[in-house]
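Thanks for coming. Please have the sequence and the model open.

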Amino acid sequence: MKRTKSGAMQYIDIHSHVAPGVDFEEIIESIDANGVSHIGIMPRGGGKEAQVMEFYERYPDRVIPFYGGSAIQTLLCQGSNVSMNKEEIIQFWMNTLQVG
């Protein structure tokens, strides 16, 4: 568990979705206001993978993209510019959670 310099706990939101028309800045402001250091985000419904990656690319130090099943296949088939591979995601989480 991470703490701020003042000793307050920081939380990680591990299950969030993006919806059409979401304002990324508002999400970041909201998580900041609530002591959330990172947000795990996944598509809501099909075809939103690009929106998740856009959010991650704008806030790579705060956003962890999650995909499952057909979303991963879609990204691979479209040749998406996914910036993190499996090992980098695992290392990111280990560093974030201070594991190992």
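**Aromatic pairs**

A search of the whole structure turns up two aromatic pairs. Here, rings of Phe, Tyr and Trp (its six-membered ring) pair if their centres lie within 6.5 Å, and planes under 30 degrees apart count as stacked, over 60 as edge-to-face and the rest as tilted. Phe24 and Phe55 have ring centres 4.4 Å apart and planes at 5°, so this pair is stacked. Phe24 belongs to helix H1 (residues 24-33) and Phe55 to helix H2 (residues 49-58), so the pair ties together parts that are 31 residues apart in sequence. Helices (H or I, at least four residues) and strands (E, at least two) are DSSP runs, numbered from the N terminus.

Before I continue, two remarks on the basis of all this. The model is predicted: local features need pLDDT of at least 70, side-chain atom pairs count only at pLDDT 80 or more, and totals for chains, interfaces and linings use all residues. Residues are numbered from 1 along each chain as its sequence is written, and side-chain values use heavy atoms, with hydrogens and water left out.

Both Phe24 and Phe55 are buried, where buried means under 20% relative accessible area, exposed over 50%, and partly exposed in between (1.4 Å probe, protein chains only). The rings of Phe55 and Tyr59 have centres 5.9 Å apart and planes at 85°, so that pair is edge-to-face. Phe55 has a relative accessible area of 0%. Together, Phe24, Phe55 and Tyr59 make one aromatic cluster.

**Helix H1**

Which residues of H1 are buried? They are Phe24, Ile27, Ile28 and Ile31. They cover an arc of only 95° around the axis, which puts them on the same side of H1; the arc is that of the directions from the helix axis to the C-beta atoms. On the other side of H1, Glu26, Glu29 and Ala33 are exposed. The cover over the buried residues of H1 includes strand S2 (36-43) and H2.

At the N-terminal end, Asp23 caps H1, with a side-chain oxygen 3.0 Å from the backbone nitrogen of Glu25. Just after H1, Gly35 has a positive phi of about 70°.

**Strands**

Eight of the eight residues of S2 are buried, so S2 is largely enclosed by the rest of the structure. Strand S1 (residues 11-18) pairs with S2 in the parallel sense over six bridges; two strands pair if DSSP finds at least two bridges between them. From S1 the chain crosses through H1 to S2, and this β-α-β crossover is right-handed, meaning that, with the strands pointing away from the viewer, the path from the first strand over the helix to the second runs clockwise. Three bridges join S2 to S3, and these two run parallel. Gly40 has Ile64 in S3 as its bridge partner.

**Arg62**

Where is Arg62 found? Arg62 sits in the loop between H2 and strand S3 (63-65). Arg62 is buried, with a relative accessible area of 19%. Its side chain makes a polar contact of 2.7 Å with that of Asp32. A polar contact is a pair of N or O atoms within 3.5 Å; within protein, one must be able to donate a hydrogen and the other to accept it, and residues adjacent in sequence count only if both atoms are side-chain atoms. A polar atom of the Arg62 side chain also lies 2.7 Å from the backbone oxygen of Ser37. Not counting residues up to four places away in sequence, Arg62 touches several residues, among them Ile28, Ile31 and Val36, where contact means heavy atoms within 4.5 Å.
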